[in-house]
Amino acid sequence: MELFDSHAHYEDAMFEEDRHERLEALRSTDVKYVLNCCSDAGVFETVIEITEVHDFVYGSIGIHPHWVLEAPDNYLDVIWDYLQNDKIVALGEIGLDYFWKEPRDLQEVVFRRQLGMAVDADIPVIIHDRDAHADCIRILEEYKPQGILHRYGGPVELLEKAFSWGMYVSYNNDLTYPEWRQPHIDCLMKTPWERMLVETDCPYAPPYERKEDRCESSDVANVVKVIAELRGVSEEFVAKITTENAKRVYRITDKNKVEL
Ligand SMILES: [Zn+2]
């Protein structure tokens, strides 16, 4: 099987000591591609370094709603420059987060400006939507970007709206948590195969049985297993289709598959 972890955070401080070692260890697993997603301007350089050291790791650059107050004034120009790198294949993660306390009006401004740039430049986005489903999808509908709703667990009707202009959705080990898996399962059951990705969001979000631990991209195999059980298909099928989908949305071709 070839697995694609479509959303990981090896730039996180929890991987400070061993990120390169842990990424290299993936070579002995089924994980063949990783997208290292970015959160804030403070880690842009770490994301670039990770994609330069490991040929199978791609990156995104963007300002997460939880970090809008720390964004430099010229963040759009800075992001634009990073997007010229062949291994930076998406703008993200961007969106709205009503769980934390960052001002909602500022979150919306930063979200809209990044969305506008992504649409103008035809770059896929990675969307973070926490407790902000209605506002998030309403704004997305204005821009109709290409890209992915990551760990989405809101109403199915809103997700279907995003499918209508071609967005994708990525599932992770949220599907294993009895306390909050149901909205994710409801979405999963209504997601067309050609719109589905898998991810870990590591080091956060381990499978429920190891919920105290840091997780890694190899834990994406459990996501594939759970989806196969829930949808009544083989793991090989889920692996194949989600890897194809991730390569399509991130436009990973021989051009940016850099051999090092
Ligand atoms: Zn993330």
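A residue is called buried when its relative accessible area is under 20%, exposed when over 50%, and partly exposed in between (1.4 Å probe, protein chains only). The structure on view is a predicted model, in which local features need pLDDT of at least 70 and side-chain atom pairs count only at pLDDT 80 or more, while totals for chains, interfaces and linings use all residues. Residues are numbered from 1 along each chain as its sequence is written, and side-chain values use heavy atoms, with hydrogens and water left out.

**Helix H7**

Begin by selecting residues 181-189, which form helix H7. Helices (H or I, at least four residues) and strands (E, at least two) are DSSP runs, numbered from the N terminus. Within H7, His-184, Ile-185, Cys-187 and Leu-188 are buried. Viewed down the helix axis, the buried residues of H7 fall within an arc of 160 degrees, so they line one face of the helix; the arc is that of the directions from the helix axis to the C-beta atoms. Next, display helix H6 (156-164), strand S7 (168-171), strand S8 (196-198) and H8, which are included in what covers these buried residues.

**The nonpolar cores**

A nonpolar core is a set of buried Ala, Val, Leu, Ile, Met, Phe, Trp, Tyr and Cys residues joined through side-chain atoms within 4.5 Å. Select Ile-127, Leu-140, Leu-149, Tyr-171 and Ile-227, the residues with the most contacts inside the largest core, which has 72 residues. Helix H8 (residues 220-231) supplies the largest share of this core, 6 residues. Then centre on Leu-140: leaving aside residues up to four places away in sequence, Leu-140 touches Phe-111, Leu-115, Ile-127, Pro-145, Leu-149, Trp-165 and Met-167, where contact means heavy atoms within 4.5 Å. Another core, of 15 residues, lies apart from the largest one; among its members are Phe-4, Leu-35, Tyr-168 and Tyr-250.

His-9 is buried, at 3% relative accessibility, and Glu-93 is buried at 2%.

**A cysteine pair**

Finally, select Cys-202 and Cys-215. Their sulfur atoms are 5.1 Å apart, too far for a bond, given that a disulfide is a pair of cysteine sulfur atoms within 2.5 Å. Cys-202 is buried at 0% relative accessibility, and Cys-215 is likewise buried at 0%. The count by this rule comes to 0 disulfides.
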